[in-house]
Amino acid sequence: MTFPPDDPGPPPPPVWSHFLTPLAILLGAAAIVVAIVVTDDGSESSPPVAPALDSLSDSAESLSASAQSLADAADSLSEAADRSGSAAQGGAPAREGTEQEPTTLRDALDAYAESLGLDVASFGQCFQSAAAEEAVVEQLQRGVALGVNGTPTFFINDKFISGAQPAWVFAEVIAAELAGSPSSIEEYSEELQVLARRDPPGFAIVAQRPDVAGVAIEGSPAARVMIVEFSDFQCPFCRRWYDDTLPQLRDLIGDDVALAFLHFPLTQIHPNAPAAHVAAHCAGEQGKFWEMHDLLFEQQDVWSRLPNLN
């Protein structure tokens, strides 16, 4: 749903286009250092805990993979646009009742906002605002500063976990934090020690905890254990973690354990992610961040394939 200005002029650029300036420069520079590839640890990226410089061959391979991802994304968007055009000519498929399936990304996000009972006019104004985009970029930059380069990436206090690991990994680390926060990998189970010895490591103790000021938090902001998730709404591994692990962790969330979500859209391979993150931010402005968070993951197969036309 859009709201024309009193004095019509050129239409505003799409939300995601703002990410192609400072964000593209930032991530483009990062691509020289890290490879954006699908790894076997349940994440989309190369390891966040890695040397600062890779070999030239690794960098070339990274750029080649990124270029292929962009080409695949362009093909996908072109096919979605063709389907959208065909639907417009022959009539859009209808849901039960009189509602129609969304044919563009913005249609879908507006429909989600309405289904959550948001003020759709306020949501639309927020969605088009520079402030919402900047909020997403600022959280992404926090992750980059910590060495995050893929999703999902987690920190449980000062403990780093890479990828969509199973619930037992999180349960063990949370229990250890509640019992006193170990300072040595040897204080964990052999299974976690094996994860830590992997190359790249899937578990580590780090020097710096993430800054969670101003981010969406489920549970008490003063909880003794803060699970910090850097995530991408279009990432299939993030969706897998949402489906398989988060439901079990939510049983622990309360006064002692909390979950903080930080935006980390991988714009090179997920072209619809920036708009989805802005939508979640704007839902949060009306107190419905987690409801939109859940809906975006549950409907990922729908909105992620739609053309972003406005």
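Is Q300 buried or exposed? I looked this up, and Q300 is buried, with a relative accessible area of 6%. For this I took buried as under 20% relative accessible area, exposed as over 50% and partly exposed as in between, with a 1.4 Å probe and protein chains only.

**Ground rules.** I am working on a predicted model, in which local features need pLDDT of at least 70, side-chain atom pairs count only at pLDDT 80 or more, and totals for chains, interfaces and linings use all residues. Residues are numbered from 1 along each chain as its sequence is written, and side-chain values use heavy atoms, with hydrogens and water left out.

**Entry on Q300.** I find Q300 in helix α12, residues 300–303. Helices (H or I, at least four residues) and strands (E, at least two) are DSSP runs, numbered from the N terminus. The side chain of Q300 reaches the backbone oxygen of F233 at 2.7 Å. I count that as a polar contact, a pair of N or O atoms within 3.5 Å; within protein, one must be able to donate a hydrogen and the other to accept it, and residues adjacent in sequence count only if both atoms are side-chain atoms. With residues up to four places away in sequence not counted, Q300 touches F233, Q234, C235, P236 and R239. Contact here is heavy atoms within 4.5 Å.

**Entry on F233 and the cores.** I then looked at F233 from its own side. Leaving aside neighbours within four places in sequence, F233 is in contact with residues including F261, H263, A276, H277, F289, L296, Q300 and W303. I also listed the nonpolar cores, each a set of buried Ala, Val, Leu, Ile, Met, Phe, Trp, Tyr and Cys residues joined through side-chain atoms within 4.5 Å. The largest nonpolar core has 57 residues, and F233 is among those with the most contacts inside it, along with F170, F203, M292 and L296. Helix α10 (residues 273–285) gives the largest share of this core, 7 residues. A second, separate core has 16 residues, F160, A223, L262 and L266 among them.

**Entry on α10.** Helix α10 has 13 residues and reaches 19 Å from its first C-alpha to its last, close to the 18 Å expected at 1.5 Å a residue. The expected span is 1.5 Å times one less than the number of residues. I find 11 of the 13 residues of α10 buried, so the helix is largely enclosed by the rest of the structure. Among the buried ones are A276, H277, A280 and C282. Just after α10, G287 takes a positive phi of about 75°.

**Entry on cysteines.** How many disulfides does the rule give? The count comes to 1 disulfide, with the rule being a pair of cysteine sulfur atoms within 2.5 Å. The pair is C126 and C282, with sulfur atoms 2.2 Å apart. The torsion about their S-S bond is about -85°, so the disulfide is left-handed. C126 lies in helix α4 (residues 120–127) and C282 in helix α10, so the pair ties together parts that are 156 residues apart in sequence. Both C126 and C282 are buried. C235 is in no disulfide; the nearest cysteine sulfur, that of C238, is 3.1 Å away. That separation is too far for a bond. C235 is buried at 0% relative accessibility, and C238 is also at 0% and buried.

**Entry on α8.** In helix α8 (residues 236–244), I find F237, C238, R239, W241 and Y242 buried. The buried residues of α8 pack against elements including β1 (153–156), α6 (167–179), α11 (289–298) and α12.

**Entry on salt bridges.** The structure holds 10 salt bridges, each a side-chain nitrogen of Lys or Arg within 4 Å of a carboxyl oxygen of Asp or Glu. R142 pairs with D211, the closest N and O atoms being 3.8 Å apart. R142 lies in helix α5 (residues 130–146) and D211 in the loop between β3 (203–205) and β4 (216–218), so this pair ties together parts 69 residues apart in sequence. R142 is buried at 15% relative accessibility, whereas D211 is partly exposed at 45%. E138, R142 and D211 are linked in a network of salt bridges. Within α8, D243 and R239 lie 4 residues apart, about one turn of the helix, and form a salt bridge at 2.9 Å between the closest N and O atoms.
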